[in-house]
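Please look over the sequence and the structure shown below before reading on.

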Amino acid sequence: MPWPKIVCPNNEALLRKFSGRSVAVTVNNAAEAGVATENVRHSGNSCVCVIVRAHQPLDQLQLRPEDARIPIALVVPTAGRFRNLARKIDELRKFNLRVYLPCDSPENIASLRILSSLGIETCAMFGGGVDWNALTDLMTYALLDYRMPHAPMQPFEFIASTFDPCSSLHWDFLWFDDPTHFVHVDDQGRVALSDAELREQCFVAQDLTAISDPSELPALKARRRLWTTHFVQADACSSCEGWSLCHGKFAETAAHATCSEFFAEVKVVARQHKLLAKRPPQDGVWQL
Amino acid sequence: MANILLTTRCNRSCPYCFAEREMATSPPSTTMSWENLIYVADFLQSSGQKAVSLLGGEPTIHPECVDFILYLLDRGFAVTVFTNGMLSDARLDEFRQHLTGISQQHLSFVCNLNNPEQTPASPQEAARVNRFLSLMGPWCSPGFNIYRLDFSLDFLFQAINRHGMKRHLRLGIAHPIPGAQNQFISPRDIRKVIERLYSFRDQFDTFRVSPGLDCGFPLCAIEDHELGWLTRFNVQSHFQCGAAVDIAPDLSVYHCFPLSNYQRKSLFEFDSLQQLDQHFAHLREQIKAEVAGIFPECDGCRYQDSSACGGGGLCQVVSRFIGEARIRIPEIEDALAKDRMS
C-alpha cells in the first residue's frame, strides 16, 4: 500500500516535520488558500489540494482571484441564498474548486443541484439521517439528466464512472475519509485514520515517524476487516443489494430499508449511465 | 415562449380573472420548487428557448421569486415577469437590492394595471403598485385587460409618463373560461373594443405609446384604417390563438389558463418544447375541426384559409360548445362535462 496522503492543518512548524509527502492542507478561511499552498511547497511537500472548512455559507465566502488555480475542496455548511450567490457564480466558475455540502436539509440538496446546473463541481456529503428519496432524485439528476450539460456531482459521478457490477467500489476517499488514501494529522502531529477520529482524539500514532508501514497499523487492519462483522453477525447489510457500494457504512445510522433502496438504485442508474456513455454520437441531419 | 407559473396563489382578486378556476382547484401550497425550476430550465434550454415568462397567480409572492429570476438570468434566459405590482415592502426591498442592476434587455416586467376608477383597489394596494412602478418602472410595460366596453386608458398614459415605463401597452381581452359565467366581452363586442381602442389614437400618438394586441382578436373585427394604424407601430399582431404553454408548479402543462382543463399533460411526457407545441397544435386542430372560429362566418373565411386569422380566441370558440349536443371527440366532451359541472 503506498503511503496515504496527509490531511493536516496549515501549520508551518508541523509541515516542516515531514517532507516529500502529498498533503491536503486544511484551513478555515478561504482567503488563506494561497498561503497554505505556499507553506506546503516551502516545507518540501506537494500540495494535493486545500481543504477549506468554512463556517460561513458559500455566499459569504471571499476567495482571492489569485488562488484560482489552486485545487480547493470548499466544505461549507450551506450555500446561502441564491440571490447573494448569484453575484459570485461567474467568479466561482473560474476557480478549480469542488463545493462540499452536507445533505442534511432540503435546501442543501437543492443547492447541490443548483450549483451543478450552473457548472460548479459539487460533492454531496450524507449520513444515515439523510432524506434518501431526495438523495435518489439528486443522484438521478446528477447521472442521467443529459438534456443540458452540468458540472459533475460527487460521489455519484465517481461511482458511475468506475462502477463494475462484479466488484466492490470504495469511494470514501472523496470525503477524505479512507485511511488507505488519507490519514489525518493534528497540530501536534498526532495521526488519526479519519477526521472524525481526529476530532475524538482517537489517534493511531503520536507522530508520522512512528509509522514505518501504514498498512501494518493494527487500527488500519482492524478497520479494513470491519466489513466482516456484518457477515459474522449476518445482519441486514450482509445480504443487501447495495453492499458493494456502501459496505455497511450506514448500518448504525440509517434504517436499513432506506439506504438499501438508495444504493440499489445507484447501481441501476450507474449501469444506465455506462450505457449512455457508450452510445455512439448521433448523426447530424446532414449526414442522413 | 413558455410561461412558468411560480405559484397558483394571487394577492389580488380581479373581477375578470381567467386564471381563477385554475387557482381555485390547485392546492394553496402549490409553489414551484427549485428541483422543478431546474428541470424546466433544462427542458426549455435544450429546446432552444432563450426567453421565459414567469407568471402566477402572482409570481412575486413566491418566497424565492428573486432567486428564481436571478437563476434563470444566470442560465442565460431573458426573463419577463407578469405581475400586478402589489409587492410587499420586504419584497420590494429585495427587488431594489438584487434586480435594479440588471439590464432591461435581460429582465422585463409586464405590470397588469386596472383602471382605478372602474376597478377600484384599496388605497394600500394602490400605494404598493405605485411604489413598485416608482422603482421598476423602466423595466415595465403596462398591461391592460379589457373586460368592459367603456374602458378607459387615460390612467395608463399617465402611469407610463410618471414612472418612465416602456412605451408599449399590452392589451388583452379578458378571456372567458369555458362553462364559467365570465364572458365579459362577447365575440360580437370585439369590434366595439377596437373602435374604443382606436378612439385613444391621439393619446397613443401624443405619448408615443405603441399598442400591442394579445391573443383573441379576430382580424375581421379590425377595419383597414385601424389595422394600418396598428401596423405603423411595427408591432406584429398575429390574430392567431397559439399556445402560451403554461407550466404549472407541479409541472403539469396546459394550453393556457382558460383551457387548463383541456388535454392537460405532464411536462415529463415530452422531450422538447416543440413536441409540446405539437401536442397543443393538435388540440387546436381538434377544436377548429368542430368550429372554425368565434363567428359562424369564420367557416370558409378567406383570412382563416390563408392563416392570416385564427378565428379569435380558442377559449371563445370552446365557449360556443357549451350546451350543444354531445357529438365531439371524447376528450373535449369530457372537459366540457367538467366545465358544465363547475
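Why does Tyr141(A) count as buried rather than exposed? In this predicted model, Tyr141(A) has 20 other C-beta atoms within 10 Å and is therefore buried, since the cut-off for that class is 20 or more. Tyr141(A) belongs to helix α6 of chain A, and its C-alpha lies 13 Å from that of Ala124(A), a residue 17 places away in the sequence.

The helix around this tyrosine can be described as a whole. With 13 residues, α6(A) reaches 17 Å from its first C-alpha to its last, which is close to the 18 Å expected at 1.5 Å a residue. Its buried residues are Trp132(A), Leu135(A), Leu138(A), Met139(A), Tyr141(A), Ala142(A) and Leu143(A).

Where they meet, 13 residues of domain 1 of chain A are in contact with 16 residues of domain 2 of chain A. On the domain 1 side of this contact, the elements that give two or more residues are α6 (132-144) and α7 (156-162) of chain A, and the largest share, seven residues, comes from α6(A). By type, the residues on that side of domain 1 of chain A divide into eight nonpolar, five polar and no charged.

Leaving aside residues up to four places away in sequence, Val52(A) touches Val27(A), Ala30(A), Ala33(A), Ile72(A), Ala73(A), Leu74(A) and Val75(A).

One of these contacts of Val52(A), Ala33(A), is also among the buried residues of helix α2 of chain A, residues 33-42, together with Ala36(A), Thr37(A), Asn39(A) and Val40(A). What covers the buried residues of α2(A) includes α1 (12-15), β2 (22-27), β3 (46-53) and β4 (72-75) of chain A. After α2(A) comes Gly44(A), whose phi is positive, near 85°.

The contact between the two chains takes 14 residues from chain A and 14 residues from chain B. On the side of chain A that touches chain B, the elements that give two or more residues are α3 (82-85) and α5 (106-117) of chain A, with the largest share, four residues, coming from α5(A). The residues on this side of chain A divide into seven nonpolar, one polar and six charged; for the side of domain 1 of chain A that touches domain 2 of chain A, by contrast, the count of charged residues is none.

Most residues other than glycine have a negative phi, and most peptide bonds are trans. The peptide bond from Gln154(A) to Pro155(A) is cis, with omega near 0°, and Pro155(A) has its place in the loop between β7 (153-154) and α7 of chain A. In chain B, a cis peptide bond joins Gly56(B) and Gly57(B), with omega about 20°, and Gly57(B) is found in the loop between β2 (51-55) and α3 (65-74) of chain B.

His247(A) lies in the loop between α11 (243-246) and α12 (256-278) of chain A, and because it has 19 other C-beta atoms within 10 Å, His247(A) is partly exposed. Arg208(B) lies in the loop between α8 (201-206) and β7 (210-213) of chain B, and with 10 C-beta neighbours inside 10 Å, Arg208(B) counts as exposed.

Note on methods
Residues are numbered from 1 along each chain as its sequence is written. Chains are lettered from A and ligands numbered from 1 in the order in which they are written. This is a predicted model: local features need pLDDT of at least 70, side-chain atom pairs count only at pLDDT 80 or more; totals for chains, interfaces and linings use all residues. Two residues are in contact if their C-beta atoms, placed from the backbone, lie within 7 Å. Ala, Val, Leu, Ile, Met, Phe, Trp, Tyr, Cys and Pro count as nonpolar, Asp, Glu, Lys and Arg as charged, and the others, Gly among them, as polar. The expected span of a helix is 1.5 Å times one less than its number of residues. A residue is buried if 20 or more other C-beta atoms lie within 10 Å of its own, exposed if 12 or fewer, and partly exposed in between; C-beta atoms are placed from the backbone.
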